Amino acid sequence: MSNEAVLHAPTTTITHHHDAHADHGHEHHHHETFITKYVFSQDHKMIAKQFLITGMVWAVLGGLMSVLFRLQLGYPDAKFPWLQDLLGKFWVEDGKITAQAYYALVTTHGTVLVFFVLTAGLSGTFANFLIPLQIGARDMASPFMNMLSYWFFFAASCVMLSSLFVETGPFSGGWTAYPPLSALGQASPGSKTGMDLWLIAMALFVVSSLLGGLNYIATVLNMRTKGMSMTRMPLTIWALFFTAVLGVLSFPVLFSGFILLIFDRNFGTSFYLSDLYVNGVTLPNEGGSAILFQHLFWFLGHPEVYIILLPAMGMVSEILSTNARKPIFGYIAMIGSLFAIAILAFLVWAHHMFVTGLNPFLGSIFVLLTLLIAVPSAIKVFNWLTTLWRGNIRFTPGMLFAIGFVSLFISGGLTGIWLGNSALDIHLHDTYFVIAHFHIVMGVASMFGMFAGVYHWYPKMYGRYLNNTLAYTHFWITLIGAYLIFWPMHYQGLAGMPRRYYDYSIWESFKQFAELNRFISTVAMVVFATQLLFLFNFFYSIFKGRKVTNQNPWGSTTLEWTAPIRPGHGNWPGEIPEVHRWAYDYGKDGRDFVPQTEPVGANESHH
Amino acid sequence: MSTLTTATVPTKWWSGGKSPFNVEYGKLMMWYFLMSDAFTFGAFLIAYGTVRFSTNGWPDPNHVFKSYPFASESTFAPLVFVSIMTFILIISSVTMVLAVKAGQEMNKRKVVVNLILTIIGGLAFLSCQAWEWNHLHHEGAWWGHNPFLNADGTQSTTNFTNFFFTITGFHGFHVFSGVIINIIMLIMTLNGVFEKRGHYLMIEKAGLYWHFVDLVWVFVFTCFYLI
């Protein structure tokens, strides 16, 4: 049989139907058990929910960790004996969070939020949920690999979680895991078993991300329904596609770096080690380079921030356009800027290393490339703003979070221009300015993108609505809180306050910030508590939320809203819809919106 | 905009409903996986290059890889053995191509013969590597131990052996998994799985992987044995 004939065969057996898609649909009518439906599910929608809920569990744990270390930073003299009863002596001694625990908390908070929440929880959820539904496919290209992707993530989660319970504590050398601290067990208690578990968890995570990414790419390229050309795809799909490409090409480099680190830790090599003394003992290692690890790490590490950001950008574009009842402004420019960001993401990693002794000439090239990212970013911001401009805006909770994303992306993006300059970086590197910058632009902004996505697609996920009052409360406190937490950190950073210190009250230069630190910590606790509102809303509404009765509650043009309110495995009961137009025909020829499935009329205007 | 372009463009490879590259998803995934794996090896080799470039001296490969099985201690046959290894691996790529071609012709017997030859080639390569590792180990080389002197006679860095064993080991692991994949393909062919399916696409995908592993060896070979 020719190559042509086996195209699109979603299962391993070749069918003689012309439309293998349609055939795939009724394969799943057989009885599903609890295990195949909820646990080892191969339905992309269920896998998406698994990623989302696991991500939420990690978000709570990671957020709780930040509350704990903010407790130390805000109240360095206070004692919390009840915390000691709760957490045990490793974490809290004499009512004070120990220094070792503090570093473990900071490290795990970073690792968990960056990888488990904002990578797996964000693109794992929405790539799985939206790609097949929005491009008109029955499921992912390989549902089985998709299932494996989740379970590798689950295994990574278990290993990472178990590292919190080992005697010497979890890894405590920072989420970037720079050697020699991460390579030498004798250097710190956290670099012992905790670090081994950290590495195993991250290796499993890389496998999960690779399995998922390959699937997303293959699905977007191969499984689009008839008429869904690349330039008719919603921007969510474009963003998730570039995210997957970034992941597939950058995680393997991190993986290589980790393998070399594992050898340095366990097999007596010196890839990253040279001329070291630990506790007065001279180590035999010679000839390695600690900077080498930083290159390998940041070759992933920088694309990683776009892996986190791009899905949020895509969803925000979609939600803004839908709720402004206007076509997205500059659709092709949006794709072009996503593409430019994806390319530049690979060419800027050394801006994390300006002060490591990098050749200043090389540094200047990385300054140029880094500042170039401002161009596509600005294109996106202006397109979002012009999409909102004179729109007929509906302030749904999803829309509010999308607008919040734009606000945060602008605020955090502008400080990126400061940090991208190698000369300014001499002063600003490793200060709270950096913390403020990346938390706003990447952390909180992507979190907002994720919330926007959850609020917007929740009716599609569970066939019920979230409670709006709780959602609005959640939004306003989180937005104001995020600015109150991170805005003051810019001033602390400009004053030279370094990150990762255990106690600033003993430094004459930073005593002035004692009250500010207490203020930040207080707001952090309030914001964390507010997230519990969201959690309650989320889980309560799954069972008790108002039922969705309208197949297309937001009046959207995209394909997921042509599927039944509670789509089964296979998404569309009959034929897969055919697409006749792009995804952004809002407010066209006097009509509120025109779905993608509607053929172009004879007298229709061009947009 | 988009409605206009699709109406006027004659070929509709990208307009949905079919694969733009005329391949099924598995082959597409394999290509992307290979790109990903190329980055893994690329990172290893660049790391190796970086460290070697910043090191003062390095052993001369002609004096390290100079033996072959059953040779006397004083034999000086630089790179002879590794050339044979490389030759074996490249020939196994040829037999893999023949297996893929036989699959496209739906010739089961020819697929089986060529797959067996490929598996033998892979196993032969792995055996050669095992002998070489063992030989070097007996000379005192291992992770963290480097008995060889620099080309100028000075003490050499252990990173020579560290990188050699890590990267050739990682490559050898790829060859090993390739052999396992080929064995599975052989069993599936013998059971007539592909004949029932009506195509031997799985063999093509295994072939892509096998050629990639060969290609990587060319780079590993160049970096460790030639320069």
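Biologist: Which share of the contacts in chain A with a separation of 6 or more comes from residues 24 or more positions apart?

Modeller: Two residues are in contact if their C-beta atoms, placed from the backbone, lie within 7 Å. In chain A, that share is 79%. This is a predicted model: local features need pLDDT of at least 70, side-chain atom pairs count only at pLDDT 80 or more, and totals for chains, interfaces and linings use all residues. Residues are numbered from 1 along each chain as its sequence is written, while chains are lettered from A and ligands numbered from 1 in the order in which they are written.

Biologist: How many helices and strands does chain A have?

Modeller: Both are DSSP runs, numbered from the N terminus: helices are H or I with at least four residues, strands are E with at least two. Chain A has 18 helices and six strands.

Biologist: Is A:L52 buried or exposed?

Modeller: Count the other C-beta atoms within 10 Å of a residue's own, with C-beta atoms placed from the backbone: 20 or more is buried, 12 or fewer exposed, in between partly exposed. A:L52 is buried, because 23 other C-beta atoms lie within 10 Å. A:L52 sits in helix α4 (residues 44-74) of chain A. Beyond its neighbours within four places in sequence, A:L52 contacts A:G121 and A:T125. Across chain A, 56% of the 607 residues are buried.

Biologist: How many residues of chain B are in contact with chain A?

Modeller: 43 residues of chain B are in contact with 53 residues of chain A. On the chain B side, α2(B) gives the most, with 15 residues.
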